[in-house]
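The notes below follow the order in which I went through them.

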Amino acid sequence: MAAAAMAAAASSRAFLRPHRCLLLSRTHPLRRRLSTNASVSAPASTAASAGVVDVLMKRGLVEATTSEALAAARPGELKVYCGFDPTAESLHLGNLLGLVALSWFRRCGHTAVALIGGATGRVGDPSGKSSERPELDIAAVEANSDAIKSLVAQILGRVPEPAHHSHSGQKEQPSPNSVDSSQRMGSFVILDNYDWWKDITLLDFLREVGRFARVGTMIAKESVKKRLASEDGMSYTEFTYQLLQGYDFLYMFKNMGVNVEGAHGLTFPLLLKSDGTKFGKTEDGAIWLSSKMLSPYKFYQYFFAVPDIDVIRFMKILTFLSLDEIQELEDSMKKPGYVPNTVQKRLAEEVTRFVHGEEGLEEALKATEALRPGAQTQLDAQTIEGIADDVPSCSLAYDQVFKSPLVDLAVSTGLLTSKSAVKRLIKQGGLYLNNVRIDSEDKLVDEGDIVDGKVLLLSAGKKNKMVVRIS
């Protein structure tokens, strides 16, 4: 029975798309694929009064399920897992749906498990790839695994506030039907599949896994068919990836007390924009979840820039605000006097808080306000340096800056392409030095303009900035 279940799991689309699926069990044991604890402001009664699958469906987080029985699960009955391969030292925005889904299961009282692919990451997931992934050396896989475990622990380890928070920051009184979310939160576990794969020999694998897998079923998978038809084909190593995932499922059933017959699957959709393109891809690369690879400020700005057509859908998918509150936000966008990007600001706040915590959100808000052209916030070198990795920057000698015409400096630093463009911008009121609007083409940089004797911040409009370090 266990072997048959493993074979079915190995051939399942869920195992070919590890960041899209949740595998659930209506028993006591651990499981695999999702785990999170968020710090957002959904009323506890929202999840308590409805099953977790019903909650996910209403928010657009479910693509398919293997059984209607999941919707009837009571708090504590499900153990769910989501897998993350350590192909980089951070998860990215594409992984965020998995973390959000894990968090919803936990908020509904179930157990969530984040499975780090310390073993599968050494093979590489072929799904969605036109060629084989570059091989990572062992040290890189181990370092990436450790970094991702730490990141997931931080995100999932944040317990939500027991009372709902209003937008003003004041705590509202909980409704009579609400439950303190800290009292009904399920637990979460972080596992690494290398812990069991490291002791399995090739002969063990062939005997316990390979003999139950049907090659025809494996080849029929869309991701496999495309690769087999390509010029480079597909290596045997990548072909076995789905079997490794299937065995992960079986191992956790057999060794962690999960009942095979009670297993079900659930997939969630890809994170797409309204035009069908992936959300999270930019010209500069992936939107990373680790603050070491992308600052909370830049992360916040990415969500602040979401277009109106996508913002409400992302609010439902990526935040824990109640659907009633989201509906109010949507209605506000249609009213006269609505301030543009108000809802985007709320989206950016909620998602940044979930990923980076209150401290990260405060850092992002402080930088956002301080770097807003025309802001009254006093700039200091530390604040400017804090965004230097997120905006273009350059270094110039002191004598190249002091007493230099600002028109010339804006061109030499690359902020604008010509002096005529700079002068035109000044006439339009769009050139700023340290957030102060420049009204004269004759402006020279004086000693007081060099913040703390170290840096300058040039801005062309609201978005284009240049940090100038003084050496």
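Before listing any surface patch I noted the rule I was working with: a patch is made of residues with over 30% relative accessible area and no salt bridge, and nonpolar side chains are joined within 5 Å. I also noted that what I have in hand is a predicted model.

**Entry 1, nonpolar surface.** Which residues make the nonpolar surface patch? I found Leu202, Leu203, Leu206 and Tyr236, which together give a patch of about 460 Å². I looked up Leu202 by itself as one of the patch members; Leu202 is found in helix H9, and its relative accessible area is 59%. Because the patch rule asks for over 30%, Leu202 at 59% passes that cut-off, and Leu202 is classed as exposed.

I counted the salt bridges, taking a side-chain nitrogen of Lys or Arg within 4 Å of a carboxyl oxygen of Asp or Glu, and the count comes to 16.

I took up the pair Arg313 and Asp310, whose closest N and O atoms are 3.2 Å apart. Arg313 and Asp310 are three residues apart in helix H15 (residues 308–318), so about one helical turn separates them.

I next looked up the salt bridge in which the side chains of Glu325 and Arg346 meet, with an N to O distance of 3.0 Å. This pair links distant parts of the chain, since Glu325 sits in helix H16 (residues 323–332) and Arg346 in helix H17 (residues 342–370), 21 residues apart. I recorded both Glu325 and Arg346 as buried.

Arg346 also forms a salt bridge with Glu350, and here the closest N and O atoms are 3.2 Å apart. Both Arg346 and Glu350 lie in helix H17, four residues apart, which is about one turn of the helix. For burial I wrote down 4% relative accessibility for Arg346 and 2% for Glu350, and each counts as buried because the cut-off is under 20%.

Key
Residues are numbered from 1 along each chain as its sequence is written. This is a predicted model: local features need pLDDT of at least 70, side-chain atom pairs count only at pLDDT 80 or more; totals for chains, interfaces and linings use all residues. Side-chain values use heavy atoms; hydrogens and water are left out. Patches are made of residues with over 30% relative accessible area and no salt bridge: like charges are joined within 9 Å, nonpolar side chains (Val, Leu, Ile, Met, Phe, Trp, Tyr) within 5 Å. Accessible areas come from the Shrake-Rupley method with a 1.4 Å probe; for residues, only the protein chains shown count as cover. Helices (H or I, at least four residues) and strands (E, at least two) are DSSP runs, numbered from the N terminus. Buried means under 20% relative accessible area, exposed over 50%, partly exposed in between (1.4 Å probe, protein chains only).
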